[in-house]
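Thanks for coming. I will talk through a few local features of one model, and you can follow along on the screen.

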Amino acid sequence: MAKTCFHGVFVSIAVTSLLLLQAEASPPPPPAVYIFGDSTLDVGTNNFIPECTARADFYFNGIDFPYSKPTGRFSNGLNTADQIVRLLGLKKSPPPFLYLVNDPSNFQKNILQGANFASGGSGILRDTGKAKRVIPLEEQIQQFSTIRSNITNMTGSEEATDKILSKAFILISIGSNDMFEYLRNLSKPMSLAEFNATLISTYEYHIETLYELGARKFGILTVPPIGCTPFARAVFTGNNSCFEPAQAMAVQFYFDVASSLEQFSSTVQDMKYSVGNTFLMTSVLTGDMLAFGFKNIAAACCGNGTYGCNQTASFCSNRDEYLFWDQFHPTQRASELAALTLFGAAEPIMVPMNFSQLLGVNI
């Protein structure tokens, strides 16, 4: 009898150990992902705004997407949002919020997995992109508030909703359009210093609002070297060189955002964040472009600096060798490298931690 009991205990321990090992080997399920921003992360939001003129739901956009389908992404294929969620273990990006509201029978089930609010052409400031009928960051956050209300209707309590949203990943990439509109406005309503102060104070307000709505884990992409886009090279300088005032604004924005988040996070106990210095990240890539497989870091693959990508534009065949897909946006390959950097790089590119450390995932 003693031998039988001992054997039973041994088997129980062995089974328990095996289950623990399997649990350790199995990665945790991906978090819900809520995505805010501009065309860097837009996966089709603007398709659902009939009057919107900032669109990419036509060829040759999407030529490298499955079935060569133009989806509204400003890319030849996957964009940065797609690449990031793939590294989290998701098979595809959360759909646009405006798509979800058109499917009321599945709305509540889907919003627990995430949603994309990003709208190409939008900005931090309410009036940025207004003429194009896009959705500014303030309105995107209002849409997120709608999702919070629906989750609370499901859970029956604000506390349960807080617990759910505290585990979610909040991804934000915005600011470039605000800067471009300021630089192109010949009758500037404020000085550059006043504009920068307004931009960062508004950004801070939006971050604090998201926190009040339950967001706790933030992944922030700052502004890349927008002065070196094909558009800036053609429109602002005309000689294919980078436009330094735009470069300086992007650099300043990174330092303002990093400082602001450090200060705000010190006043609350349960907020975690990761800021990607996309200006430095891109500068490192372009500084050694051949090592990353690029042969052209200045021209657009589709269209050119003054002519957007559409059905009548010419486009390159060696798209993985181009940094830019169109006037403004990275190619699928550039977005893939950016996502890998966001998850794997250390300071000073990622501060105070990278996305892997923020979310507890290994890639």
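First, a definition of residue classes: Ala, Val, Leu, Ile, Met, Phe, Trp, Tyr, Cys and Pro count as nonpolar, Asp, Glu, Lys and Arg as charged, and the others, Gly among them, as polar. What you see is a predicted model, in which local features need pLDDT of at least 70 and side-chain atom pairs count only at pLDDT 80 or more, while totals for chains, interfaces and linings use all residues. Residues are numbered from 1 along each chain as its sequence is written, and side-chain values use heavy atoms, with hydrogens and water left out.

Let me begin with the empty spaces. Rolling a probe the size of a water molecule over the atoms shows where empty space is left. Here the work is done on a 1 Å grid over the protein atoms alone: a cavity is a set of points where a 1.4 Å probe fits but cannot get out, and a pocket is an open set with protein on both sides within 12 Å along at least five of seven lines; lining residues have an atom within 4 Å of a point. Points are joined across faces, edges and corners, and a volume is the space filled by probe spheres set on the points.

How many cavities of 30 Å³ or more are there? The count is two.

The second largest cavity has a volume of about 30 Å³. Its lining consists of Asn 196, Leu 199, Ile 200, Met 249, Gln 252, Phe 253 and Asp 256. By class that is four nonpolar, two polar and one charged. Helices here are DSSP runs of H or I with at least four residues, strands are runs of E with at least two, and both are numbered from the N terminus.

Two packed helices are described by the angle between their axes and the distance between the axes. The axes are lines fitted to C-alpha atoms, for helices over the stretch in contact, and angles run from 0 to 180 degrees between N-to-C directions. Helix 8 and helix 10 pack at about 40 degrees, with their axes 10 Å apart. They are therefore oblique to each other; angles under 35 degrees count as roughly parallel, over 145 as roughly antiparallel, 65 to 115 as roughly perpendicular and the rest as oblique.

Which residues of helix 8 and helix 10 meet? Contact means heavy atoms within 4.5 Å. On the helix 8 side they include Leu 192, Phe 195, Asn 196, Leu 199 and Ile 200, and on the helix 10 side Met 249, Gln 252, Phe 253 and Asp 256 are among them. The residues of this contact divide into 12 nonpolar, three polar and three charged.

Helix 8 (residues 192–212) also packs against helix 7 (residues 176–184), at an angle of about 160 degrees with the axes 12 Å apart. This pair is therefore roughly antiparallel. Asp 178, Met 179 and Tyr 182 in helix 7 meet Leu 192, Phe 195 and Leu 199 in helix 8. That contact has five nonpolar residues, no polar ones and one charged.

Next, the largest cavity, with about 40 Å³ of space. Ser 39, Thr 40, Phe 74, Ser 75, Asn 79, Thr 80, His 329, Pro 330 and Ser 335 line it. Is that lining mostly polar or nonpolar? Seven of its residues are polar, two are nonpolar and none is charged.

Thr 80 and Ser 335 turn up again where helix 2 meets helix 12, in a contact that also includes Ile 84, Leu 87, Ala 339 and Phe 343. The axes of helix 2 and helix 12 are 8 Å apart at an angle of about 45 degrees. That makes helix 2 oblique to helix 12.

Helix 2 (80–87) and helix 3 (97–100) each supply at least two residues to the lining of the second largest pocket. About 900 Å³ of space lies in this pocket. Of its 36 lining residues, the closest to the centre are Arg 73, Lys 92, Ser 93, Pro 94 and Pro 95. The lining has 18 nonpolar, nine polar and nine charged residues.

Last, some backbone details. Tyr 59 and Phe 60 are joined by a cis peptide bond, with omega about 10 degrees. Phe 60 sits in the loop between strand 1 (33–37) and helix 2. Ser 68 lies in the loop between strand 1 and helix 2 as well, and has a positive phi of about 50 degrees although it is not a glycine. The other cis bond on my list runs from Glu 347 to Pro 348, with omega near 10 degrees. Pro 348 is in the loop between helix 12 (332–344) and strand 8 (350–351).
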